Amino acid sequence: PPMAAHFILTDYVAAALATAEYDKLDDGSYSGRIPNCPGVLAFAPTLAACRDELHSTLEDWLLLGFKLGHPIPVIGEIDLNGKPIHEPVDAL
């Protein structure tokens with residue numbers, strides 16, 4: 001059988017969302033956050049909508065972090081902070 005494809009970003013997002021914490025607010029709506037990812041917050045009228053919003057916010061946060069070169073927290077042993085590999089000049 002062919003080897004299953006491994007999608008590290010998908011795995012990272014799933015692992016991060018598994019750590020999410022949700023609260024029901026006084027007005028009946030929900031807030032959600034991912035503790036290891038500062039600023040990844042969501043607010044929505046239902047828990048399902050809050051989960052979806054948190055997922056979207058996490059993806060945007062990751063893309064911005066990559067673009068700006070910010071360190072990304074290691075979650076579930078998944079480290080997205082790969083160091084660039086530089087080939088020696090004489091290998092060219």
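Accessible areas here come from the Shrake-Rupley method with a 1.4 Å probe, and for residues only the protein chains shown count as cover. On that basis the protein exposes about 6,700 Å², and carbon and sulfur atoms supply 60% of that area. The structure is a predicted model, in which local features need pLDDT of at least 70 and side-chain atom pairs count only at pLDDT 80 or more, while totals for chains, interfaces and linings use all residues. Residues are numbered from 1 along each chain as its sequence is written, and side-chain values use heavy atoms, with hydrogens and water left out.

**Overall layout**

Let's start with the fold. The protein has 2 helices and 3 strands, and from the N terminus on its elements run α-β-β-β-α. Helices (H or I, at least four residues) and strands (E, at least two) are DSSP runs, numbered from the N terminus. Of the 92 residues in the protein, 26% are buried. Buried means under 20% relative accessible area, exposed means over 50%, and partly exposed lies in between (1.4 Å probe, protein chains only). Contact means heavy atoms within 4.5 Å. Among contacts between residues at least 6 apart in sequence, 35% join residues at least 24 apart.

**The core**

A nonpolar core is a set of buried Ala, Val, Leu, Ile, Met, Phe, Trp, Tyr and Cys residues joined through side-chain atoms within 4.5 Å. The largest one here has 18 residues, and those with the most contacts inside it are Tyr12, Ile34, Cys37, Leu58 and Leu62. Helix H1 (8-18), strand S3 (41-44) and helix H2 (47-68) each supply at least two residues of this core. H2 gives the most, with 4 residues.

Not counting residues up to four places away in sequence, Cys37 touches Tyr12, Leu58, Trp61, Pro73 and Ile75.

Which residues of H1 are buried? They are Tyr12, Val13 and Ala16. These three lie on the same side of H1 because they cover an arc of only 95° around the axis, the arc being that of the directions from the helix axis to the C-beta atoms. What covers the buried residues of H1 includes H2. The face of H1 turned away from this buried side carries the exposed residues Thr10 and Ala18.

**A nonpolar patch on the surface**

Ile8, Leu9, Leu63 and Phe66 form a nonpolar patch on the surface, with about 360 Å² of accessible area together. H1 and H2 are the elements that give two or more residues to this patch. Patches are made of residues with over 30% relative accessible area and no salt bridge; like charges are joined within 9 Å, and nonpolar side chains (Val, Leu, Ile, Met, Phe, Trp, Tyr) within 5 Å. Phe66, for its part, has its place in helix H2.

**The salt bridge and the surroundings of Arg33**

A salt bridge is a side-chain nitrogen of Lys or Arg within 4 Å of a carboxyl oxygen of Asp or Glu. By this rule the count comes to 1 salt bridge. Glu21 forms it with Arg33, and the closest N and O atoms are 2.8 Å apart. The pair links distant parts of the chain: Glu21 is in strand S1 (residues 21-24) and Arg33 in strand S2, 12 residues apart.

Strand S2 covers residues 30-33. Leaving aside neighbours within four places in sequence, Arg33 is in contact with Ala20, Glu21, Val40, Leu41 and Leu54. The C-alpha atoms of Arg33 and Leu54 are separated by 7.1 Å, although these residues are 21 apart along the chain.

Thr57 lies in helix H2. With neighbours within four places in sequence left aside, Thr57 is in contact with Val40 and Leu41.

Most residues other than glycine have a negative phi. Glu77, which is not a glycine, has a positive phi of about 65°. Glu77 lies in the segment after H2.

**Exposure of selected residues**

| Residue | Relative accessible area | Class |
|---|---|---|
| Thr57 | 18% | buried |
| Phe66 | 35% | partly exposed |
| Arg33 | 37% | partly exposed |
| Glu21 | 38% | partly exposed |
| Glu77 | 80% | exposed |
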